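Here is a short briefing to read alongside the structure. Have the sequence and the 3D view open as you go.

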Amino acid sequence: MTAWRTWRPGSIHSGSLRRTSEPVPEPAAGELLVRVLACGVCRTDLHVAEGDLPVHRPRVVPGHEVVGEVVDTAAAGPIGIGDRVGIAWLRHTCGRCRYCLRDAENLCPDSRYTGWDADGGYAEYTTVPADYAYSLPEGYPDAELAPLLCAGIIGYRALRRTQLPAGGRLGIYGFGASAHLAIQVALAQGAVVHVLTRSPAAQDLALELGASSAAGAADAPPEPLDGAILFAPAGELVPPALAALDRGGTLALAGIHLTDIPVLDYQRHLFYERQVRSVTANTRQDGREFLDIAGRHHLAVTTSEYSLEHADRALADLAADRVRGAAVLRPTTSGRTILAGA
């Protein structure tokens, strides 16, 4: 099969990804073998490829927004050959630690992740533990489902972390794959949304999706905010986002990586019980809740499709903010299936 590996972490323009030809993996006990139908391109993949995140598995295959068809199984349970499943970022938790036992498995010290600790979806085939595979909502093509599996789930958790009141005023900083889904959930829940992003094309998309305003990333929104989400990995946006909060407002930092945050002024940025909250991965319950919302309220998913052979170009476009909505990889051999036991 064709796969892309993070050969040497560095700038995406320096050949940090390398295309390989290798055997199809075999599912271990409890796992499913999945033929990849679509794989979303996430900014976390860029952080893995460029070395912003520490190496967990050398030369890993990135990709953790996978829609695929089960072609073999080494797991007992309801998922069978021919089923369409989703593979997301969270791949393993211990189930025994204090965090897992209090329904905070995203904080499990033994957690492992698709496309970081184990090979992901920048390939024609991949595996997933059956307990971490998602059932998918109907009514979406494969390419539109893929971004839901990380961009959508993380955006949903970030929105929850803002504790936005009913009818509240939400600011969204950065407007890529995750933000363009989170805005739709927020609007469906009655929020007023203001988008702050440097990309004119992203500003246009935000207004198309229902934002009340769209301006530059460091601009002030037209009214005080009850909550805000920072999707851009830019620590310099934390002070203006905090300054835009009303009394008691919360800023959620949605990324796994963030550049350094400048010095904050207590009176301007934190007084009146403004607060900052990080977002660390997600629980499987977050995923199930969000996918249920996506099934009940059809989301408009904007995608830019690339063939798997151009995965490096997709990441380069993401790094340069040239992607409208979410980039999605499509294997060109999606019609070729390996039969179970073959």
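Contact here means heavy atoms within 4.5 Å. Helices (H or I, at least four residues) and strands (E, at least two) are DSSP runs, numbered from the N terminus. This is a predicted model, in which local features need pLDDT of at least 70, side-chain atom pairs count only at pLDDT 80 or more, and totals for chains, interfaces and linings use all residues. Residues are numbered from 1 along each chain as its sequence is written, and side-chain values use heavy atoms, with hydrogens and water left out.

- After H6 comes Gly210, with a positive phi near 120°.

**Nonpolar cores**

- A nonpolar core is a set of buried Ala, Val, Leu, Ile, Met, Phe, Trp, Tyr and Cys residues joined through side-chain atoms within 4.5 Å.
- The largest one has 47 residues, and Leu148, Ile172 and Phe175 have the most contacts inside it.
- Elements giving two or more residues to this core include helix H4 (151-161), strand S10 (169-173), H5, H6 and strand S17 (326-330).
- H5 supplies the largest share of this core, seven residues.
- Leaving aside neighbours within four places in sequence, Phe175 touches residues including His180, Ile183 and Val195, as well as Ala202, Leu205, Ala206 and Leu209.
- A second, separate core has 37 residues, among them Leu32, Val85, Ala130 and Ala311.

**Loop residues with positive phi**

- Gln163 is not a glycine, yet its phi is positive, near 50°.
- Gln163 sits in the loop between H4 and S10 and counts as exposed, at 52% relative accessibility.
- Asp321, also not a glycine, has a positive phi of about 60°.
- The loop between helix H10 (311-319) and S17 holds Asp321, which counts as partly exposed at 31% relative accessibility.

Terms used. Buried means under 20% relative accessible area, exposed over 50%, partly exposed in between (1.4 Å probe, protein chains only).
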